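I am opening a notebook on this structure. I will look things up one at a time and write down what I find.

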Amino acid sequence: MDAEARKKAFRAKLAQKSDKRIDSPLVRYNEFDQPVCRVCNVILKSESLWPAHQASRKHHEVMAPLSYFMEENAAYAFTCTLLQMAC
Ligand SMILES: [Zn+2]
């Protein structure tokens, strides 16, 4: 195992230990194991920032036109997912 791979594995282990990963369709993880908002394409420095980011005005501004262009049903489901409500 080279140094880079070891570092990566260590970081992944650390992330698993300290923070729980965000279980949201709006979040993906990049190659550095950082959570990224799919909507805004913003890297969140920590999982704990996700609720604040989700509630932020910037995030909603990006979300609004996005759901507008989606099919009605898809937009509805998407909003429900975002607000973590049952449809
Ligand atoms: Zn966002």
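**Contacts along the chain.** I began with the contacts in the protein chain that have a separation of 6 or more, and 19% of them join residues 24 or more positions apart.

**Ground rules.** I note that the model is predicted: local features need pLDDT of at least 70, side-chain atom pairs count only at pLDDT 80 or more, and totals for chains, interfaces and linings use all residues. Residues are numbered from 1 along each chain as its sequence is written.

**Elements.** I found 4 helices and 3 strands in the protein chain. Here helices (H or I, at least four residues) and strands (E, at least two) are DSSP runs, numbered from the N terminus. Along the sequence I read the pattern α-β-β-β-α-α-α.

**Burial.** I looked up how much of the protein chain is buried, and the share is 5% of its 87 residues. A residue is buried if 20 or more other C-beta atoms lie within 10 Å of its own, exposed if 12 or fewer, and partly exposed in between, with C-beta atoms placed from the backbone.

In what order do the 3 strands lie in the open sheet? The order is 1-2-3, with antiparallel pairing. Strand 1 (27-29) and strand 3 (42-43) are the edge strands, each pairing on one side only. Two strands pair if DSSP finds at least two bridges between them. Between strand 1 and strand 2 (residues 35-37) I noted 3 bridges in the antiparallel sense. Opposite Arg28 I found Val36 in strand 2.

I went back to Arg21, which sits in the loop between helix 1 (3-18) and strand 1. Arg21 counts as exposed because 12 other C-beta atoms lie within 10 Å. Its C-alpha is 9.4 Å from that of Gln34, 13 residues apart in sequence.

**Two loops with positive phi.** Most residues other than glycine have a negative phi. I looked up Asp33, in the loop between strand 1 and strand 2, and its phi is near 65°, a positive value. Asp33 has 14 C-beta neighbours inside 10 Å, so I list it as partly exposed. Asn41 is in the loop between strand 2 and strand 3, and its phi is near 60°, also positive in a residue other than glycine. Is Asn41 buried or exposed? Asn41 is exposed, because it has 9 C-beta neighbours inside 10 Å.

**Helix 3.** Met63 lies in helix 3 (residues 57-69). It has 19 C-beta neighbours inside 10 Å and therefore counts as partly exposed. Which residues does Met63 contact, leaving aside its neighbours within four places in sequence? I found Val39 and Leu82. I also checked Met63 against Cys40: they are 23 residues apart in sequence and 8.1 Å apart in space, C-alpha to C-alpha.

**The record.** UniProt lists residues 36-59 for "domain: C2H2-type", in an unreviewed entry. Its positions are given in the numbering used here, feature names are shortened, and annotations may be inferred rather than shown by experiment. I looked up that span in the model: residues 36-59 are 38% helix and 17% strand, and their end C-alpha atoms lie 12 Å apart.

Note on methods
Contact = placed C-beta atoms within 7 Å.
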